[in-house]
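Here is a short briefing on one protein chain.

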Amino acid sequence: MSLAIRPLPAFTDNYIWTLSLPGRNAACVVDPGDARPVLDYLAKHELTLSHIFITHHHPDHTGGLAELIKRFEPVVYGPDNPGIKGINQPLAEGDELDLWGYRFQILEVPGHTLDHIAFYCDQGPAPILFCGDTLFAAGCGRLFEGTPEQMQQSLGKFTALPPETLVYCTHEYTLANLKFAIAAEPDNSDLQARIDRESEKRRNQEVTLPSTMALELATNPFLRCQSKGIKQTLQGRQLNTDSDLEVFTALRQWKDNF
Ligand code: ZN
Ligand code: FE
């Protein structure tokens, strides 16, 4: 029996990921920014809500907490940030938690926010990662609170995971990210092939997630700071590319204004 993982669209481009096990009438949701789609989903499938995972404090990831807690009193795992009301199981780097016999490991991944954590489980058919707004398909989160160095270190924790890891991001930003990625690395043929595939999915109103670490390593510019093509593009824009950190910093700043 393995975990079923499904996205609930929320707001304009968020996904609230739901986890459930066949034969069990409970669900876990990740980053419920809005209670409504979660309540509708639970009612439709006659499920109760036993667990919530929170990756960071932003309202589009936490806005549904109060109402869901009032209705279901779930176990709420999340960052050790008293600013997030409702977390009853605060987590830190290296902590482990159990969800219906599946062990999740906690990675602290500051950068997008300072309290950001990720949830990783390697016990299913493929390893799974809930990375919030740290890693996106072909992109990464904006640096609202952390430094480029912190973000690069955080992303390094993800690239160390097995390449077959399924990456569950919280936003449908894939096509916009790919537009930037191809501007940064025009000669990457994996990237061009991915643009074709993901564009087709969006034309059919399909979700482009989960991604895999292998695909991100091949096509995500923020994980490819050693790529000659990316360095050439940045040098053409008179940007420093002496270190991986300079490449990352230049990419992130460029993307912010892209
Ligand atoms: Zn966020
Ligand atoms: Fe977000």
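The chain has nine helices and 14 strands; these are DSSP runs numbered from the N terminus, helices being H or I of at least four residues and strands E of at least two. This is a predicted model: local features need pLDDT of at least 70, side-chain atom pairs count only at pLDDT 80 or more, and totals for chains, interfaces and linings use all residues. Residues are numbered from 1 along each chain as its sequence is written, chains are lettered from A and ligands numbered from 1 in the order written, and side-chain values use heavy atoms, without hydrogens and water.

**Size and packing**
- The radius of gyration is 18 Å, which agrees with the value near 18 Å for a compact globule of 258 residues; it is taken over C-alpha atoms, and the globule rule is 2.2 Å times the number of residues to the power 0.38.
- Along the principal axes, the C-alpha atoms fill a box of roughly 55 × 40 × 30 Å.
- Of the 258 residues, 51% count as buried (under 20% relative accessible area, 1.4 Å probe, protein chains only).
- Of the contacts with a separation of 6 or more, 57% join residues 24 or more positions apart (contact: heavy atoms within 4.5 Å).

**Charge**
- There are 22 positive and 33 negative side chains, and the centres of the two sets lie 5 Å apart (Lys and Arg positive, Asp and Glu negative; His and chain ends not counted).

**Cysteines**
- The structure holds zero disulfides (cysteine sulfur pairs within 2.5 Å).
- The sulfur of Cys28 is 11 Å from the closest cysteine sulfur, in Cys121, too far for a bond.
- Cys28 is buried, at 0% relative accessible area.

Technical notes. Buried < 20%, exposed > 50% of the residue type's maximum accessible area, 1.4 Å probe, protein only. Charge placed at Lys NZ, Arg CZ, Asp CG, Glu CD.
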